[in-house]
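Dear colleague,

Please find the structure below, handed over for your records. My findings follow directly after it.

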Amino acid sequence: MANQVTIVGAGPVGLHLASKLFDSGISSLIIEEHSEVGVPVNCSGLISESGCHTLGLALDGVLVNEISGADIYSPSGSKLTIERKRPVAYVVNRELFDKNLYKKAVSKNVEIDFNSKVINFTGKNVFYQKDNYGTMSKSKLIIGADGVQSKVRELMNLNAPHNMFVHAYQQMISGDFDPKKVNVYLCKEAVGFFAWLIPHSKKEADLGIGVTLGNNPKNAFDSFYASQSFEFEKLSENSSIIPIGPPFKHTVAENQLLVGDAAFQTKATTGGGIIFGLRAAEIAAQAISDNILKSKPLGNYEKLLSGLNKELALHWKIRSYLNSLGPENTEKLFQKAKRAGVAEFLTSYGDMDNPSKFVGKIFRKPSMLTLFPEALKFILG
Ligand SMILES: Cc1cc2nc3c(=O)[nH]c(=O)nc-3n(C[C@H](O)[C@H](O)[C@H](O)COP(=O)(O)OP(=O)(O)OC[C@H]3O[C@@H](n4cnc5c(N)ncnc54)[C@H](O)[C@@H]3O)c2cc1C
């Protein structure tokens, strides 16, 4: 057996996992359907400063902007501003970000088969089409890091319902932007999600919208765009799916394991999946090396994920609560939040990755507790 592990997908999660496995002395082969890492890009590249710090990510050559706040707009256009003195998030060039992880993996002798699409696996054998020819690899473990529409997940019979996906459409636009703030629009067109503007610089930004799968994101984008009287120049566009749901309970079966978007390790509040996917990759590396080197059950991965899953579950509860409101009640909640000083509260305590940190703080602020009893009951109940 040439490699101990076959990883399907050379996205950030698969690449990071392969590097971490190498550090534990485990060899892996990555199978990637595209001819190159990092393209096509379907991502805004917004990642938390704290997540980068925890993971020790070097952003040399990939950092394009620093974000220190957000303007959040209600359905009627009322604004709430969160502003920090220091950057809380970074915008990275997603293609170069992935390519950096690729360089790191290659420097560790990780083998990657490009133009290779996995079609099936049985036991230790993974069958795939490389340059249109059928071939196979053999390894002890098979890892699905193959993104939102994971073939590995499908072959593991772990299917997700339709309402656990958001269909996103976004444009790279040119205009005049406040480079320090992202805009979040809780607009009626974004059924089940929201619209966003993420500045890459003063002159360029991603403007996008997400809708529950089954709705047309391009139509939603056009209506939203018209409603805002925007006049930007479109530079490019892309559309893709984001997994939005509670963390998957089962991510391991026999010798197979899921990680990253394939395992729904994305924040259901925002759709951000890079930091959580990379954190999960490190946890997966630990479970895999324990399995291969110490014969521990691969299923320990699910136990090791509990801290991460606690935050992901909270993201999902917040998303479910917001989706239960509809535009009218969203507006009411927004106005109440504005009067209650939620902007100041989030400026002090907000954490874009770990909601448990600020939810915990709410309990120490009686004014917040009494203002949002229904929300807290829904989210924590
Ligand atoms: C519009 C949009 C904006 C986003 N913005 C952000 C953001 O600002 N911040 C953030 O944190 N997240 C964002 N995300 C989410 C982020 O892009 C994902 O969470 C992240 O890419 C997940 O990484 P991954 O490695 O798990 O999967 P992917 O990046 O999807 O990588 C999976 C890889 O597997 C390969 N693959 C798939 N199937 C097969 C197969 N059968 N055989 C071989 N290879 C296969 C694919 O080609 C791909 O290279 C956004 C997503 C969208 C759609």
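Which side chain has an N or O atom 2.9 Å from an oxygen atom of the ligand? It is the side chain of Arg-94; a polar contact here is a pair of N or O atoms within 3.5 Å, and within protein one must be able to donate a hydrogen and the other to accept it, while residues adjacent in sequence count only if both atoms are side-chain atoms.

This is a predicted model, in which local features need pLDDT of at least 70 and side-chain atom pairs count only at pLDDT 80 or more, whereas totals for chains, interfaces and linings use all residues. Residues are numbered from 1 along each chain as its sequence is written, and side-chain values use heavy atoms, with hydrogens and water left out.

Backbone atoms also take part: a polar one of Leu-46 is 2.8 Å from a nitrogen atom of the ligand, and a polar one of Gly-45 is 3.2 Å from a ligand oxygen atom. Around the ligand there are 34 residues, each with a heavy atom within 4 Å of it. Glu-32, His-34, Leu-46, Arg-94 and Asp-261 come nearest. Because domain 1 (5–44 + 94–160 + 245–304) and domain 2 (67–89 + 162–243) both contribute to this shell, the ligand lies between them; the bounds come from an automatic or database domain assignment.

Elsewhere, the side chain of Ser-78 makes a polar contact of 3.2 Å with the side chain of Lys-338. Ser-78 counts as buried because its relative accessibility is 16% (buried means under 20% relative accessible area, 1.4 Å probe, protein chains only).

With kind regards

Conventions
Buried < 20%, exposed > 50% of the residue type's maximum accessible area, 1.4 Å probe, protein only.
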